[in-house]
Amino acid sequence: MTPDEYFDAIDDPLFSALGLLPMDGASELTEAFSGQPIVDELQGLVLDDPDTSDHHLLLGRAPLEGGVLYLAHDGQSRVVFDSLEDFLAAAREAAEQGDDVSDFHPDASPVAQDQPALSALINRLLDDGTLTDVVTALIPSLDLSDLALLERLATDEDFYLGEAVAIEIARRPSQTLAPIARRCAAHPHSQVANAGRRAVEQVEKSA
């Protein structure tokens, strides 16, 4: 589905309560978000304005191009849909049931198809040193196979990165992730350590 096809599809009274934006409105709100790191770095186009502080973004930067990210003001920002088609399907179901699109987010983010490119992007953002909010939003899209990157994230001075890694390990535990989980559990910051202990428990259960 192209953006033009998507904007044609939402021109329907069914979606009026969801705050989905027409093309002009999406462009205007995206411009207003200039300077927001996730919007800028991932080339996000703001798709909705549901009268909250949270928004869905269509991403334009590879390797997540075409995915839809949930930009959460309070909570975890992450990719929630692989495509505009999936976002539109969730929006349709939400509209029909009188719910919010966020009620139909999957529990786990879709894993990016090009993992080497995603690892390279995250490493570049870490090298920059000022874009850890963007990195935190990308961690759920990792397949957790790049152990060197996970080690780097788990030991970064920004404790939100280690916490995000531990949360994903707990969600998708495997024995190969045990050393990273233990590293998180031994972290000096309680948020990482608590998440790390939960990750260790889940890894041990998966044995």
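**View A. Salt bridges across the whole structure.** A search of the whole predicted model finds five salt bridges, a salt bridge being a side-chain nitrogen of Lys or Arg within 4 Å of a carboxyl oxygen of Asp or Glu. Side chains of opposite charge can pair when their charged atoms come close. In this predicted model, local features need pLDDT of at least 70, side-chain atom pairs count only at pLDDT 80 or more, and totals for chains, interfaces and linings use all residues. Residues are numbered from 1 along each chain as its sequence is written, and side-chain values use heavy atoms, with hydrogens and water left out.

**View B. The salt bridge of Asp127 and Arg152.** The closest N and O atoms of Asp127 and Arg152 are 2.7 Å apart. Asp127 belongs to helix 5 (residues 115-128) and Arg152 to helix 7 (residues 147-154), so the pair ties together parts 25 residues apart in sequence; helices are DSSP runs (H or I, at least four residues), numbered from the N terminus. Asp127 is exposed, at 56% relative accessibility, whereas Arg152 is partly exposed, at 30%. Here buried means under 20% relative accessible area, exposed over 50%, and partly exposed in between (1.4 Å probe, protein chains only).

**View C. The salt bridge of Arg171 and Glu168.** The side chains of these residues meet at 2.5 Å, N to O. Because Arg171 and Glu168 are three residues apart in helix 8 (residues 159-171), about one helical turn separates them. Glu168 is buried, with a relative accessible area of 2%, while Arg171 is partly exposed, with 40%. Glu168, Arg171 and Arg172 are linked in a network of salt bridges.

Terms used: Helices (H or I, at least four residues) and strands (E, at least two) are DSSP runs, numbered from the N terminus.
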